[in-house]
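Hi,

Here is the structure I said I would pass on to you. Have a look at it first, and then read my notes below.

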Amino acid sequence: MKNKKIFILTSLLLTSCNTNKLDVSIYAYNLEDTFIASLVSSIELEMKEKNYKYTIFDSKNSQIEQNRQLINDIENDNSSVFVLNMVDRLAASSIISKVKKTNKPIIFFNREPLLSDLNLYEQCYYVGTNPYLEGTLQAEMTASLFGDPQNLNKEYDKNGDNKIQLVLLKGEIAHQDSELRSNAYLETLKEKGYEVEVLTSRYCSWKKEKGYEEMKNVYQEFSSQIEMISSNNDDMALGAIEFLKTQNVFNNNYLPIIGVDGTTNGKKAIEEGFLYGTVINDNVQQAKMISYFVNCFVNNKKIDISLSSNHCIYIDGKILTKKSL
C-alpha cells in the first residue's frame, strides 16, 4: 500500500495499514539501535511479503514500557504470535509465563533468554546470531594482520614486544553477545599462539556516541600504546573512529579496528579505510527464519528444520573486509 501512515501512540506503535485483528506482534527493545532497526525492517518485509497483519512496538529501552505493551496486547487478544526482542533478557520468565497462559507461540530474537526460562514453555523459540563464531572470525581477521604469533608484523606490533596491545569495546552488560563475542575473540587468539595484553575493556551499550566517549577516555590514558581495537559491533567502532579522527590518528599511521554487524555505515567505513573489517550479522537470514516460524504457527504447519534441544537456531556470520567488498 502506498504512502503507509505511521500512527504514533504513547508507546510509539508502528502498525501496518490493516486495522483488523492483528496476527503478529513484533517487539523491539529500541529502534534507535542501528542493527535492531535493520533487523526489524527485514522482519517487516517478510511479513508484507506473506501478507500477514502485524504490529511493531518500540519499547525505547524500557522494560517497564515493554511489559505494559505486552500486557495490553495480551489482554486485548490482539496477537496470534509474539515476536520479541527483550529489553532485559533476564526478565523473560515473567513474559513467558504471561504468554503461556494464552497458549500462543513466542519467538525471541537477538536477546537470548536464559535456558531455564526458555524451558518454561514448549511453544517458546529463539532466533539469533552465533556470537562465538563472530568472535572467532574477529580473531581470524586480527591474525591475518599480525601474522606469525612468534614474529608479529612490525607494521602493527609498533613497540616490537611481540604482544598485541588491545582495546576491547563491549556491547551491553549481561547481553549474551557481548560476553560470548569477547570471550571467543580472546580465547581464539590465545589458541593460535598470540600473546594479548588487554589494555582496557569498556562497555558502550552498542551505541556510536558511547564508543566516541569511551574512546576519548581510553586514548587519554593509553594513546600510542594501542595496537588494535576490537568492537562488539560496528556502531561502537564507528564512534571510536570519529574520535580518533579528531586526533589525526589515521593521518600518522594505521590503527586496525574491527567490528560486527556489517551495517551500511560499517561497510562505508571499510571502503574508506577506517574500519579494517567486520563480521556480517545477517539480519536478512534471521528475519527469514523468524518468518518461517511465524508461517508454521499461523498455518498450523510442522516445524521441519533442525533445532537445538532448547528450541534455538543460530545464524552464522562471515568476514567482510575491503577485499571481499
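Let's start with helix 5 and helix 6, which pass each other in a right-handed crossing. Keep in mind as you read that this is a predicted model. Helix 5 covers residues 131-146, and its axis lies 7 Å from that of helix 6, at an angle of about 40°. Angles under 35 degrees would count as roughly parallel, so helix 5 is oblique to helix 6.

If you want to find the place where they touch, click on these residues. Helix 5 brings Pro131, Tyr132, Glu134, Gly135, Thr136, Gln138, Ala139 and Thr142. Sorted by class, the contact of helix 5 with helix 6 holds 7 nonpolar, 5 polar and 4 charged residues.

Next, helix 7 (residues 208-222) and helix 8 (residues 234-246). Their axes are 7 Å apart, and the angle between them is about 50°. Helix 7 and helix 8 are therefore oblique to each other, and their crossing is right-handed. From helix 7, the contact uses Lys208, Gly211, Tyr212, Met215, Lys216 and Tyr219. Helix 8 answers with Asp235, Met236, Leu238, Gly239, Ala240, Glu242, Phe243, Leu244 and Thr246. In the contact of helix 7 with helix 8 you can count 8 nonpolar, 3 polar and 4 charged residues.

How do helix 2 and helix 3 run, roughly parallel or roughly antiparallel? Helix 2 spans residues 63-75 and helix 3 spans residues 92-100; their axes come within 11 Å and cross at roughly 5°. That puts them under the 35 degrees cut-off, so helix 2 and helix 3 are roughly parallel to each other. Here Asn67, Leu70, Ile71 and Ile74 of helix 2 meet Ile95, Lys98 and Val99 of helix 3. This contact of helix 2 with helix 3 has 5 nonpolar residues, along with 1 polar and 1 charged.

The lining of the largest cavity is made up of 4 nonpolar, 4 polar and 5 charged residues.

Notes
Residues are numbered from 1 along each chain as its sequence is written. This is a predicted model: local features need pLDDT of at least 70, side-chain atom pairs count only at pLDDT 80 or more; totals for chains, interfaces and linings use all residues. Side-chain values use heavy atoms; hydrogens and water are left out. Axes are lines fitted to C-alpha atoms, for helices over the stretch in contact, and angles run from 0 to 180 degrees between N-to-C directions. Helices (H or I, at least four residues) and strands (E, at least two) are DSSP runs, numbered from the N terminus. Angles under 35 degrees count as roughly parallel, over 145 as roughly antiparallel, 65 to 115 as roughly perpendicular and the rest as oblique. A crossing is left-handed if the near helix is turned anticlockwise from the far one by less than a right angle, and right-handed if clockwise. Contact means heavy atoms within 4.5 Å. Ala, Val, Leu, Ile, Met, Phe, Trp, Tyr, Cys and Pro count as nonpolar, Asp, Glu, Lys and Arg as charged, and the others, Gly among them, as polar.
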